[in-house]
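Here's a quick briefing on a protein chain, sorted by topic. Have a look at the model first, then read on.

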Amino acid sequence: MAVYAAHLTRTLQGTPSVFQVTAQEALGSTVKPALRKLIEYLAAVYPNKCGWCERWYNELYLLFDLCLQYHYLKHYAASFSECFYGLHRVPISPSTEFSSGTRLPQALEQGSLALLVLAPYLRDKCEQLVNRWREDLEDGRLGKTKADQARKAAVKLYSIVHFVTESTRLLVLARYLTGKGEAPSLSLHLLGLTLRDAPPEEPDENTWADFFRSVFNGQFGSAVVTFPMVWRVASNAVEYGAFAVQLLRWWDARAPLALSALPAPPPPQKDERDSRWRNVCPVCLQRWKVPTVLPVSGYVFCYTCISRHVRNSSTCPVTRLPASERSLVRLYLDT
């Protein structure tokens with residue numbers, strides 16, 4: 001059993017385990033939402049100076065991610081999150097070994113940069129567009145014109161492509177887990193790359209320990225601060241900051257479980273406006289379309305209305321109580 005488990009975790013000969021692979025993917029997906037929260041806070045506090053940053057956040061993050069990933073690919077042959085977990089990329093085919101030091105061949109480096117930076121940006125843009133069309137379809141705003149028919153087809157096509165892509169990713173990961181494949185992810189499989197444990201780094205000539213030792217001994221002439229020393233501090237701060245954000249997100253996900261152990265609060269007081277909202281959505285004041293209840297307040301809305309409102313404000317539109325999109329419950333009623 002122990003031998004079989006070792007085979008499944010793929011830790012032999014420097015091959016990372018599936019747990020390292022999934023952990024670095026989770027870390028990589030943490031940076032963008034964390035920075036978005038920071039930008040939203042700055043835009044709320046300084047709307048005149050930082051409001052434009054929120055409107056152009058996706059493009060600003062594209063430039064930031066481009067610089068970040070290019071630096072790590074150039075110097076470590078790894079993405080930001082892969083480097084944090086001590087991994088680096090190597091070609092699967094022995095005929096395409098590194099051409100100069102630890103750098104990837106130029107074609108593989110450029111392909112890695114495109115799949116790490118450009119592909120997620122285009123995917124997010126397509127997802128936003130398709131979600132808007134899907135909401136229009138659920139609200140009945142898409143007619144029979146050629147443009148609306150094309151939007152309906154795009155919504156169905158996107159669902160099919162998303163299902164095929166996720167199924168392929170799962171298949172690639174399963175092959176890697178069972179030892180039948182070398183690449184742990186679909187993007188690495190397309191590039192012909194795999195992950196290995198990174199070799200130990202060569203020690204720097206000047207370190208912070210040498211700097212503080214020289215200062216403590218009064219040898220100020222030999223106390224040198226170099227750019228690599230400053231860059232290492234900055235990169236470590238970014239890496240461990242992203243890890244801390246990931247830990248906080250995990251802790252926040254545990255909050256609903258902890259709240260479930262608390263006693264049930266008293267029911268809300270009857271609102272005089274409730275009679276106006278009988279069998280209608282409190283947001284659009286129309287008959288329900290895909291009736292959905294928000295448990296925090298008990299009101300029933302159209303799914304499109306309440307999902308859009310909760311996604312933007314994280315509150316109930318009637319009671320202003322805090323709410324999340326994952327708490328919505330679909331009701332199957334004969335309306």
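**Salt bridges and cores at a glance**

Arginine 196 and glutamate 182 pair up through their side chains in a salt bridge, at 3.3 Å from N to O; the term covers a side-chain nitrogen of Lys or Arg within 4 Å of a carboxyl oxygen of Asp or Glu. Arginine 196 sits in strand β2 (residues 193-197) and glutamate 182 in the loop between α8 and α9 (186-191), so the pair ties together parts that are 14 residues apart in sequence. Keep in mind that this is a predicted model: local features need pLDDT of at least 70, side-chain atom pairs count only at pLDDT 80 or more, and totals for chains, interfaces and linings use all residues. Numbering runs from 1 along each chain as its sequence is written, and side-chain values use heavy atoms, with hydrogens and water left out.

**Overall picture**

- The protein chain has 12 helices and 5 strands; these are DSSP runs numbered from the N terminus, with helices being H or I of at least four residues and strands E of at least two.
- Of its 335 residues, 30% count as buried (buried is under 20% relative accessible area, exposed over 50%, partly exposed in between, with a 1.4 Å probe and protein chains only).
- Take the contacts (heavy atoms within 4.5 Å) between residues at least 6 apart in sequence: 54% of them join residues at least 24 apart.
- The chain exposes about 21,900 Å², and carbon and sulfur atoms supply 63% of that; areas come from the Shrake-Rupley method with a 1.4 Å probe, and for residues only the protein chains shown count as cover.

**More on the salt bridges**

- In general, side chains of opposite charge can pair when their charged atoms come close.
- The count comes to 8 salt bridges by the rule used here.
- Back to the opening pair: arginine 196 is partly exposed at 22% relative accessibility, and glutamate 182 is partly exposed at 36%.
- Arginine 89 bridges to glutamate 82, with the closest N and O atoms 3.0 Å apart. Arginine 89 is buried at 3% relative accessibility, and glutamate 82 is buried at 3% as well.
- Aspartate 148 and arginine 151 form a salt bridge at 2.9 Å, N to O. They are 3 residues apart in helix α8 (residues 146-177), so about one helical turn separates them.
- Aspartate 148 is buried at 12% relative accessibility, whereas arginine 151 is partly exposed at 28%.
- Leaving aside neighbours within four places in sequence, aspartate 148 is in contact with Arg141, Leu142 and Gly143.
- Lys32, Arg123 and Asp124 are linked in a salt-bridge network.

**Nonpolar cores**

- The largest nonpolar core has 15 residues, and those with the most contacts inside it are Cys281, Leu294, Phe301, Ile306, Cys316 and Val318. Such a core is a set of buried Ala, Val, Leu, Ile, Met, Phe, Trp, Tyr and Cys residues joined through side-chain atoms within 4.5 Å.
- Both β4 (300-302) and α12 (303-313) supply at least two residues each to this core.
- Not counting residues up to four places away in sequence, phenylalanine 301 touches a list of residues that includes Trp288, Val290, Leu294, Ile306 and Val318.
- A second, separate core has 14 residues, among them Leu104, Leu113, Val117 and Ala183.
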